[in-house]
Amino acid sequence: MGLFDDLLGAATGGAPNAGAQGANDQGGLGGGLGGLLGGQAAPIVMALLSMLLSRGGSGGGGLSDLLGQLRGSGLGSQVDSWLSPNAPNAPVSGSQLEGALGGSDLLGNLARQLGMPQGDVASALSQVLPGVVDQLTPQGEVPADLPDASQVDLGQIVGRMLQGR
């Protein structure tokens with residue numbers, strides 16, 4: 001089960017499937033992510049999801065905007081790999097993200113919210129963003145029915161992601 005299914009289940013009141021993700025899932029966030037980033041993965045992923053879904057619903061809102069900004073900054077091949085259900089997620093560096101998002105509200109807001117320098121946030125995002133995008137786009141595109149962050153319990157969803165469920 002992917003993050004998108006968790007989000008939809010939480011938004012519609014459905015019980016999410018708690019089965020483990022398959023071993024061949026590309027970009028899954030379970031398994032090793034809980035130990036990444038010195039225990040800071042949960043707040044980073046939660047803050048990222050909150051911002052990406054803050055304008056959810058019609059057209060994917062913040063997620064669509066972010067992907068467009070990354071593509072416009074020369075990271076189109078990485079974005080395409082994250083969206084592809086049959087390709088491994090291409091890595092992106094913190095410096096690439098900082099270059100692409102340094103002047104954006106997303107990176108600055110995340111840095112302020114997390115109390116971290118923008119460079120550190122960009123580095124952390126380089127580790128989690130490919131998997132988050134992969135999980136939010138199971139069919140290879142931003143779903144039109146992506147719920148708004150206010151409609152879901154992000155803490156519960158992030159907890160399941162970090163536990164590999």
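**Notebook: helices, core and packing**

I began with the secondary structure and counted seven helices and zero strands in the protein chain. Helices (H or I, at least four residues) and strands (E, at least two) are DSSP runs numbered from the N terminus. Along the sequence the pattern reads α-α-α-α-α-α-α.

I noted the basis of the values before going on. The model is predicted, so local features need pLDDT of at least 70 and side-chain atom pairs count only at pLDDT 80 or more, while totals for chains, interfaces and linings use all residues. Residues are numbered from 1 along each chain as its sequence is written, and side-chain values use heavy atoms, with hydrogens and water left out.

**Entry 1: whole chain**

I looked up burial: 45% of the 165 residues in the protein chain are buried. Buried means under 20% relative accessible area, exposed means over 50%, and partly exposed lies in between (1.4 Å probe, protein chains only). The chain exposes about 7100 Å², and carbon and sulfur atoms supply 47% of that area. Accessible areas come from the Shrake-Rupley method with a 1.4 Å probe; for residues, only the protein chains shown count as cover.

I then checked contacts, meaning heavy atoms within 4.5 Å. Of the contacts with a separation of 6 or more, 74% join residues 24 or more positions apart.

**Entry 2: the core**

Which residues touch the most other members of the largest nonpolar core? I found Leu 70, Leu 97 and Leu 125, in a core of 39 residues. The elements giving two or more residues to this core are α2 (41–52), α3 (62–83), α4 (94–101), α5 (105–114), α6 (118–136) and α7 (154–163). With nine residues, α6 gives the most. A nonpolar core here is a set of buried Ala, Val, Leu, Ile, Met, Phe, Trp, Tyr and Cys residues joined through side-chain atoms within 4.5 Å.

I followed two of these leucines. Leaving aside neighbours within four places in sequence, Leu 125 is in contact with Ile 44, Leu 48, Leu 97, Leu 107, Leu 110 and Pro 130. Leu 97 lies in helix α4 and counts as buried at 0% relative accessibility. Not counting residues up to four places away in sequence, Leu 97 touches Leu 70, Leu 75, Val 92, Gly 102, Ala 122, Leu 125, Ser 126 and Leu 129.

**Entry 3: helix pairs**

Two packed helices are described by the angle between their axes and the distance between the axes. Axes are lines fitted to C-alpha atoms, for helices over the stretch in contact, and angles run from 0 to 180 degrees between N-to-C directions.

I took α2 and α6 to begin with; they pack at an angle of about 50 degrees, with their axes 10 Å apart. That makes α2 oblique to α6. Angles under 35 degrees count as roughly parallel, over 145 as roughly antiparallel, 65 to 115 as roughly perpendicular and the rest as oblique. The crossing of α2 and α6 is right-handed. A crossing is right-handed if the near helix is turned clockwise from the far one by less than a right angle, and left-handed if anticlockwise. From α2, Ile 44, Val 45, Leu 48, Leu 49 and Leu 52 meet Ala 124, Leu 125, Val 128, Leu 129, Val 132 and Leu 136 in α6.

Next I took α5 and α6, whose axes come within 9 Å and cross at roughly 105 degrees. These two helices are therefore roughly perpendicular to each other. Leu 107, Gly 108, Leu 110, Ala 111 and Leu 114 in α5 meet Gln 118, Val 121, Ala 122 and Leu 125 in α6.

For α3 and α4 I noted an angle of about 135 degrees and axes 9 Å apart. That makes α3 oblique to α4, and their crossing is right-handed. The residues of α3 that meet α4 include Leu 70, and those of α4 include Leu 97.

**Entry 4: single residues**

I looked up Val 121, which lies in helix α6 and is buried, with a relative accessible area of 1%. Val 121 touches Leu 107, Leu 110, Ala 111, Leu 114 and Met 116, not counting residues up to four places away in sequence.

Ile 44 lies in helix α2 and counts as buried at 2% relative accessibility. The C-alpha atoms of Ile 44 and Val 121, 77 residues apart along the chain, are separated by 8.1 Å.

Is Ser 64 buried or partly exposed? Ser 64, in helix α3, counts as partly exposed at 28% relative accessibility.
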